[in-house]
Amino acid sequence: MSSASDPLVALGALPGVAESVESVRKAVDRVYGHRVMRRRGGEITSEAALRGARGSAALSGADWALEEVRRRTDFGADPEALAVGAALRLTAEAGQLLSIWRQSPMRVLARLHLVASGSAVAGDVVGRPRLAGEPVDEPLVDLPLPDAEEVAGRLDGLSRLVIAGGSAPALVTAAVVHGELLALRPFASYNGLVARAAERIVLINSGLDPKAICPAEVGHAEQGAGAYLEAFNGYVSGTAEGIAAWIAHCGRAVELGARESTAVCEALQRGAA
């Protein structure tokens, strides 16, 4: 990522990425143009948040039915309930952090980890990158952990890219933020949930999905953990082909999230939701 003066723009030029970007834009535009959005956009946003949280939790090992997530009020009984509760809190918190993201992404990431942890994680490991020798609990990703020094350096580089902005497509930036955080696993816990929440923030804050109605988390879960990990391994490989495949996977996730919200719009239109 550091070999080019504008690495995110360079990634946007990888084979197939422009097509993914255009496909995502068309999918997002379609759901924003739905007639229900003009009258009941707030309901679509709320439902997208719930479904996005469910999808993110599913990838963290808590694959609950949507109605179970909707019904439950106690999320502190077991690891799955804790993951679902964390996902719900992160989705709610993401919208409160948009104005801070471009100025201080590290502050936002620390806040996300604090919110995800709730009262389930004790001690001074909450809300800060891990130190040398500290373990990481991440149920989905089983790759070697970068050491604390590498984590600090790459987080700083990621932060600089976000603050600098640039002309890279929102999809590319979101995919890189998601991929880097998942690769680094900078926190003691809940890294996958935090990475997907950060992706959500980029998609909203960029203006691609300003009303948060195209939950990429839904699409990541729908494509399945196997496909998610396969695409992520491509990102970690650092090859042009692997990174392009990861960006395309993230793009497909946004498209599936848009499709989900389109279905919600149509159900509301029929009076069935």
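**Salt bridges and burial**

Guide: Glu 255 has a relative accessibility of 17%. Buried means under 20%, so Glu 255 counts as buried. This is a predicted model.

Visitor: Is Arg 252 buried, partly exposed or exposed?

Guide: The relative accessible area of Arg 252 is 36%.

Visitor: How far apart are the closest N and O atoms of Arg 111 and Glu 93?

Guide: The pair links distant parts of the chain, 18 residues apart, with Arg 111 in helix α7 (residues 105–117) and Glu 93 in helix α5 (residues 79–94). Arg 111 is partly exposed at 35% relative accessibility, while Glu 93 is buried at 15%. Their closest N and O atoms are apart by 2.9 Å.

Visitor: In which helix are Glu 150 and Arg 154?

Guide: The side chains of Glu 150 and Arg 154 meet in a salt bridge of 2.8 Å, N to O. Because they are four residues apart, about one helical turn separates them. Their helix is α8 (residues 148–164).

Visitor: How many salt bridges does the count come to?

Guide: Some salt bridges join into a network, which links Glu 47, Arg 51, Glu 67, Arg 70 and Glu 260. The count of salt bridges comes to 18.

Definitions and conventions. Residues are numbered from 1 along each chain as its sequence is written. This is a predicted model: local features need pLDDT of at least 70, side-chain atom pairs count only at pLDDT 80 or more; totals for chains, interfaces and linings use all residues. Side-chain values use heavy atoms; hydrogens and water are left out. A salt bridge is a side-chain nitrogen of Lys or Arg within 4 Å of a carboxyl oxygen of Asp or Glu. Helices (H or I, at least four residues) and strands (E, at least two) are DSSP runs, numbered from the N terminus. Buried means under 20% relative accessible area, exposed over 50%, partly exposed in between (1.4 Å probe, protein chains only).
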